[in-house]
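Me: I would like to learn how to read a structure feature by feature. Could we go through one together?

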Amino acid sequence: MATANSTTVVPPGAVPAARRRHGRRGDSRYAWIFLGPSLAGLALFTLFPTAMALGISLFDWPVFGQRTFLGADNYTHLLHDPIFRRVILNTSLFVVLYVPLNVIVSLGLAVWLSPRIRGRQAFRVLFFIPVMTPMVANVMVWRLLFQPGGLLDAGAESLFGVHAPNFLGSSNWAMPAIVAMSVWQGFGYNFLVFSAALDQVPQSQLDSAAIDGAGLLQRFRYVTWPMITPSIFFATTMTLITSFQVFAQPFILTQGGPGVTTQTLVMYVYNQGWQFLNMGLASAAGWVLFVIIMGITAVQFFGQKRWVHYDV
Amino acid sequence: MNGTQVRSRRWLIVAVAALMVGGLSACGGGSGGDQSGSADKADLTWQFWVGGTEDQAAWQKVADQAHTDHPGITVKLQGASWENYWSKIGTLLASGKAPCIIGMQSLRLASYSNALLPLDDLMAKYNILAGEFDKPIMDGLKADGKQIAIPYDSGPMVVFYNRDRFKQAGLAEPKPGWTVDEFKAAAKKLTTGGRFGFVTTPGDLSSLPWVLTLTGAQPLADGKLALTAPSFVQGYQGYVDLVRKDKIAPPVPAGSTDFQTTQFTAGKAAMMVDGPWSVISVKGQTKFSLGIAPMPAGPDGSKSYTAGSGFGISRSCKTPDAAFQAIVSMTNQKPLAALAAAGRAYPSRPTAHEAWFTAADIHGARETLDYASAHSVPLVTSRNWVQASDLFNRFGVQALNGELPADQALKTVQDQAGAGS
């Protein structure tokens with residue numbers, strides 16, 4: 001009977017359940033072996049320091065002298081410290097200005113270069129150069145542009161007879177100056193990501209949309225955009241994370257000044273830890289930064305379902 | 001859970017634990033601090049700030065002097081850039097693994113003095129007299145009355161000026177005893193055609209001598225920051241007014257520690273305040289003739305601060321006698337004269353000054369430095385000075401650019417740095 005036989009019939013290619021389980025066990029052991037080095041690295045260089053920082057953040061931890069347990073006092077101090085509040089504001093301002101500008105500039109240029117125009121590859125290399133050159137060298141050049149008597153100031157004076165603003169010495173101008181420099185320095189990476197995504201959009205679909213009467217903007221909105229949303233999601237997530245961690249540009253361009261108007265969260269951590277040797281407060285500020293980045297990245301991942309199309 | 005899974009998990013836990021233990025012990029290890037030996041026989045390590053391979057070679061020669069004087073002692077130089085140096089020795093001193101010999105700057109001494117050995121007993125034992133060195137810098141390297149480091153360089157803050165521009169403007173060159181009013185009159189005349197008579201910086205070493213000469217006020221009272229005292233505020237206001245009211249100096253950018261030097265060497269500003277340690281390097285960057293003059297005299301005469309650096313011994317050093325003998329050799333006449341001749345430091349020993357004057361070849365240098373040194377005091381700092389200095393740089397820019405009134409800038413520095421001790 002079919003029913004009697006069905007228990008013993010094995011479809012071709014299938015593996016008995018017992019062997020399957022055994023096989024998985026064998027695979028799992030090898031998987032652990034292969035994962036081992038990177039897991040060990042993660043544990044040693046990421047998880048352990050993160051947990052250690054959380055521990056240190058609960059202490060008054062001067063580099064020399066007595067360590068005292070404080071509980072949450074470092075966090076309370078940060079909450080009430082006007083400089084730390086300003087630092088959070090500065091970092092948010094940088095993110096709010098930098099991320100959209102970076103995406104707009106890189107996407108705009110990538111779209112502009114996406115038709116197969118002459119010299120396209122040369123432009124791609126050209127736009128990527130600022131990403132490859134050392135940040136310190138870039139910042140030094142921009143400082144010569146921005147400082148009083150610098151290129152912008154001297155240019156404004158000789159052309160219009162007026163002085164340019166003191167970009168790096170004015171509380172109103174210093175942050176926009178840092179954002180401008182950062183966008184110039186950083187857009188090349190996203191530009192490459194977007195260029196690659198745009199190259200993947202099938203020409204046939206764009207052509208058929210054009211035949212159906214779709215204009216340039218409509219083709220971009222309804223054909224190109226949905227297809228490049230995964231790249232845009234990737235680019236915005238990564239840019240957002242790195243912009244919360246901004247350090248080198250304000251550190252070299254303004255040292256966080258004038259006052260604390262361009263001091264960012266990572267600079268605050270660096271100053272507290274390595275300049276003022278106050279490891280407890282530095283660790284607490286580091287954890288605040290970690291929680292902010294984790295929170296915003298989580299929101300982005302949950303929100304992506306609404307606008308990112310992986311299946312087109 | 002079956003046996004294989006348990007075994008593999010156990011294996012994983014053991015592996016991760018072994019790695020973490022290995023990592024922890026690696027963190028606990030470190031270089032330096034391992035010196036052993038006796039007073040006359042030891043291999044010592046010396047942590048110091050160096051600017052590059054050429055600098056490293058010049059300072060290694062200083063270290064070699066110890067071996068020449070004491071064949072049993074060798075000193076190995078470990079260099080770090082100025083920016084990285086302070087965090088590096090901070091961690092080394094904290095871990096008890098610091099090398100025996102530590103480079104120390106007078107302004108930062110108060111922050112690190114707990115981790116360094118007082119040298120008074122060793123000075124008495126080896127018959128080293130404080131009087132062999134410039135007094136202001138010997139005092140500047142003391143903490144709570146105890147000598148913490150022996151200086152290799154020193155120097156009062158002085159006015160650097162562009163002799164060519166003074167000549168072109170038909171101005172007499174500044175002489176010891178010149179007054180603040182004479183300084184302002186000269187700077188006003190030199191402020192013309194997009195160029196300025198003077199350039200300011202928010203940095204402590206260049207701004208505080210102005211406060212001192214204008215009102216006599218010092219940043220510390222009883223070892224604590226006293227920046228909101230009326231006389232200090234008045235003096236600081238006087239400094240800010242050079243930009244805001246007198247308009248003899250340009251606005252300043254934030255975070256640019258070399259702005260004053262670049263403005264001065266480019267001929268855009270005719271005067272600046274700096275220390276003698278910068279004279280020879282500034283001279284090398286200028287196309288004009290360089291002169292130096294003491295700080296202009298305020299109501300109570302010319303006043304300035306002396307700063308400098310020296311070498312101390314870490315408390316964890318097992319051979320302090322050998323380290324001290326090495327330091328004595330390294331701050332002796334011969335290496336100091338060699339450093340001076342190479343343009344690296346204005347020597348802390350008056351007997352080595354001659355070599356520096358010959359190498360610098362600056363108009364009026366001897367007269368100026370002798371006068372300025374006699375009219376200077378050490379800039380005594382508090383334990384939180386690194387923080388105070390950082391805040392001076394930040395809020396000083398806002399004060400000099402007119403974004404924040406001088407008294408508010410000082411109050412912010414005072415409040416944020418804490419009273420200190």
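Me: What is the strand order of the open sheet of 5 strands in chain B, and what kind of pairing does it have?

Reply: This is a predicted model. The order in chain B is β2-β1-β3-β13-β6, and the pairing is mixed.

Me: Which strands of chain B stand at the edges?

Reply: β2 (73–80) and β6 (149–153) of chain B do. Each has a single partner strand, so one side of each is left without a neighbour in the sheet. Neighbouring strands of this sheet are turned against each other by 30° on average, direction ignored.

Me: How many bridges link β1 and β3 of chain B, and in which sense do the two strands pair?

Reply: There are 2 bridges, and β1 (residues 42–49) and β3 (residues 101–105) of chain B pair in the parallel sense.

Me: Now the domains. How is chain B divided?

Reply: Domain 1 of chain B is 42–155 + 308–360, and domain 2 is 158–306 + 384–417. Their C-alpha centres lie 29 Å apart. The contact takes 16 residues from domain 1 of chain B and 10 residues from domain 2 of chain B.

Me: Which element gives the largest share of the side of domain 1 of chain B that touches domain 2 of chain B?

Reply: α6(B) does, with 3 residues. By class, that side of domain 1 of chain B has 8 nonpolar, 6 polar and 2 charged residues.

Me: Next, a helix. Which residues of α8 of chain B are buried?

Reply: In α8 (residues 180–190) of chain B they are B:Phe183, B:Ala186, B:Ala187 and B:Leu190. They cover an arc of only 100° around the axis, which puts them on the same side of α8(B). These buried residues of α8(B) pack against α7 (163–168) and β10 (271–274) of chain B.

Me: Which way do the residues of β10(B) point?

Reply: B:Met271 and B:Val273 point one way, B:Met272 and B:Asp274 the other way, and all are buried. β10(B) is joined by 4 bridges to strand β7 (residues 158–162) of chain B, and the two run antiparallel. Within that pairing, the bridge partner of B:Val158 in β10(B) is B:Asp274.

Me: What do the buried residues of α14(B) pack against?

Reply: They pack against α2, β6, α13 (320–330) and α15 of chain B. The buried residues of α14 (residues 333–341) of chain B include B:Pro335, B:Leu336 and B:Leu339. Just after α14(B), B:Gly343 takes a positive phi of about 80°.

Me: Last, the two chains. How many residues does the contact take from chain A and from chain B?

Reply: The contact takes 35 residues from chain A and 38 residues from chain B. On the chain A side that touches chain B, α2(A) gives the most, with 8 residues. That side of chain A has 17 nonpolar, 15 polar and 3 charged residues.

Notes. Residues numbered from 1 in each chain as written. Chains lettered and ligands numbered in written order. Predicted model: local features only at pLDDT ≥ 70, side-chain atom pairs only at ≥ 80, totals over all residues. Buried ≥ 20, exposed ≤ 12 C-beta atoms within 10 Å, placed from the backbone. Arc of directions from axis to C-beta. Contact = placed C-beta atoms within 7 Å. Nonpolar A, V, L, I, M, F, W, Y, C, P; charged D, E, K, R; others polar. Pairing = 2+ DSSP bridges. Axes fitted to C-alpha atoms, helices over the stretch in contact; angles between N-to-C directions. Domains from an automatic or database assignment.
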